Amino acid sequence: MTSERLPIIDLDLSDVESGMALSSEAGWNQTADDWRHFITNGQAIGVRAPGGRLVGSAAALPYDGPFGFIGMVLVTPQWRRRGIATQLVDQCIKVLCEKGLTPVLDATADGEAVYRKQGFVPQFRFDRWERPALTSPDKTAQTDAPSVCAMATLVDLDHEAFGADRRRLMADFLDRNATKALCAEDNSGFALVRDGRRAAQAGPVVASSQHQALQLLERLVAGVHGALFIDVPSTWQDIGRWLGESGFAIQRSFARMALDRARPFGNPQHLFAVAGPEFG
Ligand SMILES: CC(C)(COP(=O)(O)OP(=O)(O)OC[C@H]1O[C@@H](n2cnc3c(N)ncnc32)[C@H](O)[C@@H]1OP(=O)(O)O)[C@@H](O)C(=O)NCCC(=O)NCCS
């Protein structure tokens with residue numbers, strides 16, 4: 001069965017609520033602010049069922065650099081396996097390629113099956129670690145006053161580790177009330193945490209070494225008492241061990257994939273947590 005009768009539409013800010021319905025139905029953590037970011041800074045697209053309900057979505061987010069990101073690929077269960085995700089991702093690929101950008105995305109296991117057929121190849125894998133809300137927060141834990149993290153430093157560090165300039169995304173995160181940014185004393189690393197629908201989302205975490213990343217994470221995690229997610233490249237075993245000892249468990253895993261390119265962008269040696277699978 002094909003989706004020929006379901007044309008692709010552009011989403012605008014009036015679709016934030018229906019986008020939230022799709023991502024919440026899948027148990028995802030995105031907020032209305034996240035949807036707004038895609039709609040305002042990228043091209044968010046979807047398909048509607050004949051009754052008008054949004055049943056599929058995807059978004060292409062160009063970054064300043066050699067690649068752009070594809071996120072929010074969702075199809076409601078009753079409309080799956082009809083080629084809708086393939087059609088939406090094809091459109092996002094077109095949008096990014098026309099700008100000369102390599103399409104990159106973070107795939108769930110379901111998504112990986114779709115994207116492999118389209119020519120995406122894995123670059124590296126990462127795990128989503130989840131810690132439930134603390135029932136009795138450690139009142140003695142050292143928590144940080146929100147630190148003054150110079151925006152320019154944060155953007156430059158993120159650029160080097162991630163491989164593209166994401167200043168609009170970083171500015172959006174920092175504008176949100178609940179966001180906290182911690183910087184390493186020598187300004188060679190930083191860690192962010194922001195609000196999510198189900199749990200606070202830590203990331204990106206950029207550092208000059210795994211040791212420095214752990215120090216940043218210890219400070220960051222001590223300041224969050226609610227449920228917390230963090231997406232850590234599987235290669236960082238010391239961090240994985242520490243998260244396991246600190247009440248986190250792996251919820252699921254993802255693959256960073258790029259169209260026809262196995263070599264990661266940026267500097268994976270400095271990337272200790274991604275911003276989230278929707279943004280990379
Ligand atoms: C992943 C998802 C978007 C796929 O949407 P979809 O519209 O059903 O995908 P398509 O119909 O375009 O699938 C194309 C092909 O990919 C493969 N595929 C898709 N879903 C698959 C699955 N769950 N298991 C194995 N193969 C799958 C199949 O080969 C399929 O072709 P076929 O149906 O002819 O066999 C949908 O399952 C979904 O929303 N899942 C939950 C959210 C999610 O994980 N999103 C991906 C984020 S990276």
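Which helices and strands each supply at least two residues of the shell around the ligand? They are β4 (67-75), α3 (84-98), β5 (102-107) and α4 (109-117). Helices here are DSSP runs of H or I with at least four residues, strands are runs of E with at least two, and both are numbered from the N terminus. Before going further, keep in mind that this is a predicted model, where local features need pLDDT of at least 70 and side-chain atom pairs count only at pLDDT 80 or more, while totals for chains, interfaces and linings use all residues. Residues are numbered from 1 along each chain as its sequence is written, and side-chain values use heavy atoms, with hydrogens and water left out.

Let's stay with the ligand. There are 20 residues around it, and V73, R81, G83, T86 and T108 come nearest; a residue is near a molecule when one of its heavy atoms lies within 4 Å of it. Among the elements, α4 gives the most to this shell, with 6 residues. Sorted by type, the shell holds 10 nonpolar, 4 polar and 6 charged residues. For that sorting, Ala, Val, Leu, Ile, Met, Phe, Trp, Tyr, Cys and Pro count as nonpolar, Asp, Glu, Lys and Arg as charged, and the others, Gly among them, as polar.

Now look at individual atoms. T108 has a polar side-chain atom 2.7 Å from an oxygen atom of the ligand. R82 takes part through its backbone, with an N or O atom 3.3 Å from a ligand oxygen. D110 places a polar side-chain atom 3.5 Å from a nitrogen atom of the ligand. On its own the ligand has 900 Å² of accessible area, and the protein covers 78% of that. Such areas come from the Shrake-Rupley method with a 1.4 Å probe, and for residues only the protein chains shown count as cover.

And where does the ligand sit? It is in the largest pocket. A pocket, found on a 1 Å grid over the protein atoms alone, is an open set of points with protein on both sides within 12 Å along at least five of seven lines. To sit in one, a molecule needs more than half of its atoms within 2 Å of the pocket's grid points.

Most residues other than glycine have a negative phi, and most peptide bonds are trans. R81 counts as exposed because its relative accessible area is 85%, and exposed means over 50%, buried under 20% and partly exposed in between (1.4 Å probe, protein chains only).

N187 also has a phi near 60°, again a positive value in a residue other than glycine. You'll find N187 in the loop between β7 (180-183) and β8 (190-194), and it is partly exposed, at 42% relative accessibility. For the peptide bonds, turn to the one from G203 to P204: it is cis, with omega near 0°. P204 itself belongs to strand β9 (residues 200-206).

Back in strand β5, there is D106. With a relative accessible area of 8%, D106 is buried. Its side chain meets that of R256 in a polar contact of 2.5 Å. That term covers a pair of N or O atoms within 3.5 Å; within protein, one must be able to donate a hydrogen and the other to accept it, and residues adjacent in sequence count only if both atoms are side-chain atoms.

Finally, a few pairs show how sequence and space relate. R125, in strand β6 (residues 120-131), is partly exposed at 39% relative accessibility. R125 and V232 are 107 residues apart along the chain, and their C-alpha atoms are separated by 8.6 Å. Q237, in helix α8 (residues 237-245), is exposed at 56%. Between Q237 and Q210 there are 27 residues in sequence and 9.4 Å in space, C-alpha to C-alpha.

L154 belongs to helix α5 (residues 151-162) and is buried, at 0% relative accessibility. L154 and V75 are 79 residues apart in sequence and 34 Å apart in space, C-alpha to C-alpha. A213, in helix α7 (residues 210-222), is likewise buried, with a relative accessible area of 0%.

Notes
1 Å grid on protein atoms, 1.4 Å probe; cavity = no way out; pocket = protein on both sides within 12 Å on 5 of 7 lines; lining within 4 Å.
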